[in-house]
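Subject: Handover of a structure and its findings

Dear colleague,

A short account of the findings comes after it.

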Amino acid sequence: MGIVWGDSRNFGRFPVFKTNRFRIKGVTEVANGAKRIKISPYFWHITAVTLVCAILYYLPVVAGMAGWDTARNDLGIFHDFYGIDFYALIFFAPVVYTAYTLSVQWSIVVALICTILIIPYAIAFDPYPNVLFKPAAFALILSAVGAVVAMLQRSDEQRRQNLKELKCLYDIGRAAEENGSVENFLMSAVTIIPQATYYPGETRARITLRGKILQSPGFDEKAGKMLKEDLLLSGEALGSIELCATHGYSYLVKQQPLMKTLADRIVSAVHEIELEQSLQGYYEQLEDMVEKRTRDLAEAREKLIRSERLAAVGELASGVGHELRNPLNVIRNCVYLLKMTMSEKSDEETLNTLNLLDRQIDISNRIVSDLLDFTRIRPPSLTKVDLNNLVRESLSWVAVPDKTKSITDFKEKSPQVKIDAEQVGRAFANIISNAYQAMNGKGGELKVSIDTEDDYALVKFTDNGCGIPQDNLTRIFEPLFTTKPKGIGLGLAITKRMVEQNQGTIAVASRVGEGTTFTVKLPLNERR
């Protein structure tokens with residue numbers, strides 16, 4: 001066995017023994033042909049302590065050889081002080097140190113070396129017979145002390161290692177509780193696992209689970225010095241745990257039982273996290289289902305209430321509509337006769353009162369008409385209609401308030417649609433009337449535009465009135481819903497029914513304080 005100097009990149013300038021037969025604690029392997037081991041610094045410490053002890057043991061002899069007889073006599077007393085060689089006791093220091101840092105075997109070797117160092121003094125200066133008995137007994141005592149210290153040290157080391165392993169398992173359990181995802185848990189685990197090994201700074205971990213790989217920085221799978229344990233769940237391999245050593249490998253073999261325990265604990269934690277995620281997903285799905293069912297029930301309830309209200313409106317309209325029309329016609333005729341009779345004799349106040357009465361009769365007739373139209377809208381009579389002319393007609397049906405104007409933007413070539421002109425015209429008139437009312441007599445502008453899109457004609461009514469609150473936009477087409485003090489909430493409901501009966505659609509967009517746009521979409525004649 002020869003001594004060579006190791007590469008400074010691996011070991012610095014430590015002497016290295018080239019051997020293939022044995023390994024010494026505290027050494028490092030290098031995979032470059034033959035195995036190389038670095039001598040542990042402990043050997044240099046032990047050698048230095050042993051030499052110091054030997055010098056102290058032979059100090060009286062050195063003093064005598066130097067001619068210091070007084071010093072030799074004074075120092076020599078402790079070689080046989082009441083039958084005890086106190087100088088020999090200092091050799092316990094290298095033996096105990098060796099037992100604590102290396103092993104029992106090396107402490108026995110150091111004890112034998114110390115005994116050999118004592119023998120020359122025993123032969124040359126010990127006055128007692130059987131001079132070799134004393135060193136032999138001393139060697140046995142040193143060996144026994146070294147063995148006891150080594151066992152105590154191993155026991156203490158094992159206790160500390162057990163505590164590290166227990167802490168590792170505890171930390172992995174906490175990581176499983178604190179991390180809601182499997183990936184985050186495994187990232188924590190690869191950080192925790194190396195801390196449970198004998199040399200955490202030289203150990204790297206890698207976990208593979210269902211194709212996902214998470215590993216410590218510096219993990220080197222090419223080193224070939226890895227400890228591996230499969231992650232098994234009900235006999236199925238989910239992945240593996242691997243430990244690699246950056247220097248040395250022998251200590252990893254001792255971690256095999258820990259690896260099995262860690263594999264079981266990690267698989268159990270992953271299974272618990274996945275179950276918890278599945279349950280969480282099921283809870284969320286269940287909440288969505290309950291919310292949807294609740295929403296459906298609310299909608300069904302609203303539809304039922306609406307149907308009941310519509311049925312009541314229908315009964316009211318059919319039972320009372322004609323009965324109200326007759327008295328209203330009689331009142332209108334009476335007003336007309338009064339106007340004719342008093343036209344020359346009546347004063348202005350009387351005429352205004354009669355005109356007000358006449359207007360109220362018109363309002364009452366319109367309400368009755370709305371009730372009857374809503375409950376008994378006839379099927380549409382489809383004819384080819386010029387859309388530009390129909391919109392102009394609808395605008396002429398509604399009186400324009402003061403300070404208000406209407407603007408039209410029609411296509412040069414008027415779209416031709418096949419609709420019931422009377423029904424769609426009334427729908428347009430209702431929208432126009434609502435637009436004028438939205439401007440509250442304060443003046444404004446109603447813009448009516450006609451355009452085409454694909455196979456449809458688009459008619460847009462845009463006003464700059466008060467606008468509709470967002471909460472009411474979804475309800476304005478509901479029967480009997482109104483925000484007007486004198487309305488009954490049937491105008492837009494009838495409008496929507498008339499448009500839809502003619503295979504069209506109606507949409508609304510509004511911003512409070514800016515205005516409202518109603519868009520009526522009707523199929524072109526060619527599409528039909």
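The following paragraphs describe the model, from the whole protein to single elements.

This is a predicted model, in which local features need pLDDT of at least 70 and side-chain atom pairs count only at pLDDT 80 or more, while totals for chains, interfaces and linings use all residues. Residues are numbered from 1 along each chain as its sequence is written, and side-chain values use heavy atoms, with hydrogens and water left out.

The secondary structure of the protein consists of 15 helices and 14 strands; these are DSSP runs, numbered from the N terminus, with helices being H or I of at least four residues and strands being E of at least two. The protein has 528 residues, and 37% of them count as buried. Here buried means under 20% relative accessible area, exposed means over 50%, and partly exposed lies in between, with a 1.4 Å probe and protein chains only. Of the contacts (heavy atoms within 4.5 Å) between residues at least 6 apart in sequence, 66% join residues at least 24 apart.

Strand β4 (residues 203-209) deserves a separate paragraph. Five of its seven residues are buried, so β4 is largely enclosed by the rest of the structure. Two strands are said to pair if DSSP finds at least two bridges between them. β4 runs antiparallel to strand β7 (residues 236-245), joined to it by seven bridges, and Thr203 has Ala245 of β7 as its bridge partner. Strand β5 (residues 212-215) also pairs with β4 in the antiparallel sense, over four bridges, and there Gln215 of β5 stands opposite Arg206. The two strands β4 and β5 form a hairpin with two residues between them, and Arg210 in the turn has a positive phi of about 50 degrees.

Among the helical parts, the loop between α5 (92-101) and α6 (104-125) contains Leu102. Leu102 is buried, its relative accessible area being 2%.

Finally, the cysteines. With a disulfide taken as a pair of cysteine sulfur atoms within 2.5 Å, the count is zero. Cys244 is buried at 1% relative accessibility, whereas Cys334 is partly exposed at 41%.

Yours sincerely
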